[in-house]
Amino acid sequence: MIATSHPLRTPGEPTNPHRDKLEIMSDITAEQVRHLAGLARIDLSEAEIASLTLELGQIVEAVASVSSVATADVPITSHPIPLVNVYREDVVADVLDTAQVLTQAPEHDGSRFKVSAILGEEQ
Amino acid sequence: MAKAKLMDFDKALELFEPVLGFEVHVELSTKTKMFSAAPNNFGSEPNTNITPTCLGLPGALPVVNEQAVRYSISLGLALGCDIAPSSTFARKNYFYPDLAKNYQISQFDQPIAINGNVEVELADGRLFQIDIERAHMEEDAGKLTHVGGSAGRIQGAEYSLVDFNRAGVPLVEIVTRIIYGAEADAPELAKAYVSTIRDMVVALGISDAKMERGNLRCDANVSLSPRGSGTLGTRTETKNVNSLRSVERAVRYEIQRQAAILAGGGTITQETRHWHEDTGATSAGRPKSDADDYRYFPEPDLLPVVPAPELIEELRAALPEKPAERRRRLKADWNFSDLEFQDVVNSGLLNEITETVAQGASPQTARKWWTGEIARLANIADAEPTSLVTPAQVAELQLLIDDGTLTDRLARQVLEGVIAGEGSPREVVDARGLAVVSDDGALIAAIDEALKSQPDVLEKIREGKLQAAGAVIGAVMKAMQGKADAARVRELVLERAAAL
């Protein structure tokens with residue numbers, strides 16, 4: 001794991017208020033990795049969990065270093081391109097025909113995708 | 001499904017305070033979907049309103065529908081919310097085949113509208129304030145049909161069929177703050193709240209708001225707080241509530257069910273429950289669990305929505321009257337008694353009656369048709385009154401009475417013809433030959449014949465015993481097959497009795 005050195009921050013400089021939170025987050029545990037893998041339906045071996053725990057910790061740590069240069073007056077960015085309000089007019093355009101749509105279905109009944117019944121998870 | 005034990009409602013209220021919360025989803029009636037130019041149509045053949053974006057195919061990118069944003073802002077304003085100067089979309093990640101891309105595009109930490117308030121009126125006129133936490137934009141999911149098992153329910157299903165036509169339809173989800181103090185009115189308040197939202201979106205013209213089609217869906221959160229405890233109970237979230245009546249029944253049911261469990265020393269499981277219209281009960285769905293950890297993150301394919309202040313003000317200026325204000329105005333304009341107006345509001349036919357009046361019928365006649373004969377026929381047919389006739393047809397029918405073409409009795413026959421799909425009221429009158437016989441010649445001939453065949457009655461009328469005329473009027477109406485104006489027949493009977 002990367003040591004907690006922050007070359008971009010000079011000592012005495014004000015720290016980002018999010019900083020403490022991110023440091024806690026960077027402390028990725030094997031249990032968190034197991035949980036995330038479960039949510040993402042990814043079957044991981046114990047060896048993979050161990051290596052991912054280390055790697056994810058390093059990634060989070062690297063990302064956290066960004067906050068050492070971001071001061072409190074820098075707004076949180078949701079997108080790298082400074083554009084807003086990119087819209088489409090409410091006008092109907094071409095659609096796929098059903099046969100085209102169903103080429104993406106592993107199984108279908110001629111008009112609808114056929115999927116396994118998923119019990120107990122009706123949204 | 002085992003029957004749950006229920007506590008008497010009044011008893012439950014003695015022991016517990018019901019605490020409510022609602023999430024109402026409104027499908028917007030835009031021409032296209034939220035993020036793609038596929039048509040937003042109900043009832044199309046399965047998987048015909050699909051673009052690559054609807055399926056999340058590689059390379060497909062979402063683009064925001066401007067009209068959906070305008071509608072969402074209007075709704076936010078009508079809910080008394082502040083419109084966020086900047087709002088963003090987020091991915092809500094979950095695994096369920098109703099969306100092909102394994103996430104729903106929604107809004108998370110920056111919804112378009114926050115901090116609103118809605119005034120809700122109960123049947124007896126009392127007003128209740130419901131605080132709105134947020135209203136956010138998102139996309140609807142596809143429709144699953146469960147095959148196998150019983151009655152198409154998910155329990156016991158062998159497989160499911162997915163139609164993605166609804167996937168991507170624009171939705172606004174309206175989330176209330178926790179609602180305290182509803183007490184015994186809780187079930188009615190639930191119904192009144194959803195009804196208020198329905199009226200609001202109809203008045204705004206932003207949704208078809210047909211609950212039976214899922215245009216408007218309510219998830220009702222209910223928990224019980226033991227009296228004097230000052231603590232909140234564990235809540236359940238009831239879904240699949242597809243009518244105003246069901247919203248009321250589902251909340252009442254959950255109060256009674258939870259009270260029975262708590263009073264018996266049990267605990268409430270925090271879970272999703274499904275309302276079953278047929279049995280009038282809820283059943284356990286999915287427990288709240290890991291699956292609710294949606295790992296939201298900002299949607300990288302979409303940019304922030306930053307509405308211009310001028311746009312917000314333009315939409316604010318165009319807002320229709322608030323439903324409660326509108327009701328007060330209509331009641332005064334129509335000069336209805338409290339009882340008459342309450343009858344209208346409870347029937348849920350206020351919009352239809354308003355439209356019928358706009359089409360030329362008087363308020364009282366519009367009210368009588370909708371809450372009387374049409375409601376009666378709808379009840380017999382087990383259908384919604386609005387599915388039988390249109391306000392324009394009702395107004396046309398009433399105008400045919402007003403101009404003397406029809407009597408009330410004939411008009412009811414015409415209504416049946418209209419409902420049977422025989423055409424407009426005028427067409428039914430012509431096709432069935434139901435118009436009043438206004439030709440005095442034909443009436444006089446029938447009257448003369450009736451008088452001559454009942455000389456004793458004729459004698460009585462001449463002696464001034466006018467009530468005897470009833471027998472002649474009856475005979476004439478029968479001869480005319482009911483297609484005569486009884487008042488006119490009476491006039492003519494008296495004239496002829498004197499003349500013969």
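View 1. Mean pLDDT (the predictor's confidence in each residue, from 0 to 100) is 77 for chain A, with 75% of its residues at 70 or more. Helices (H or I, at least four residues) and strands (E, at least two) are DSSP runs, numbered from the N terminus.

**View 2. The stretch 1-25 of chain A.** Here pLDDT stays under 50. The model has 29 contacts beyond four places in sequence for these residues; contact means heavy atoms within 4.5 Å. Where pLDDT is low, predicted coordinates should not be read in detail.

**View 3. The interface of chain B and chain A.** Chain B averages a pLDDT of 91, and 97% of its residues score at least 70. The model's ipTM is 0.73 and its pTM 0.75. The contact involves 39 residues from chain A and 58 from chain B. About 4,400 Å² is buried between the chains, 62% of it on carbon and sulfur atoms. Buried area is the accessible area (1.4 Å probe) that two parts lose on being put together, summed over both.

**View 4. A:Ile81 in its loop.** The loop runs between helix 3 (46-64) and strand 1 (87-88) of chain A. A:Ile81 counts as partly exposed because its relative accessibility is 45%, between the limits for buried (under 20%) and exposed (over 50%; 1.4 Å probe, protein chains only).

Residues are numbered from 1 along each chain as its sequence is written, and chains are lettered from A and ligands numbered from 1 in the order in which they are written. Local features need pLDDT of at least 70, side-chain atom pairs count only at pLDDT 80 or more, and totals for chains, interfaces and linings use all residues, while side-chain values use heavy atoms, leaving out hydrogens and water.
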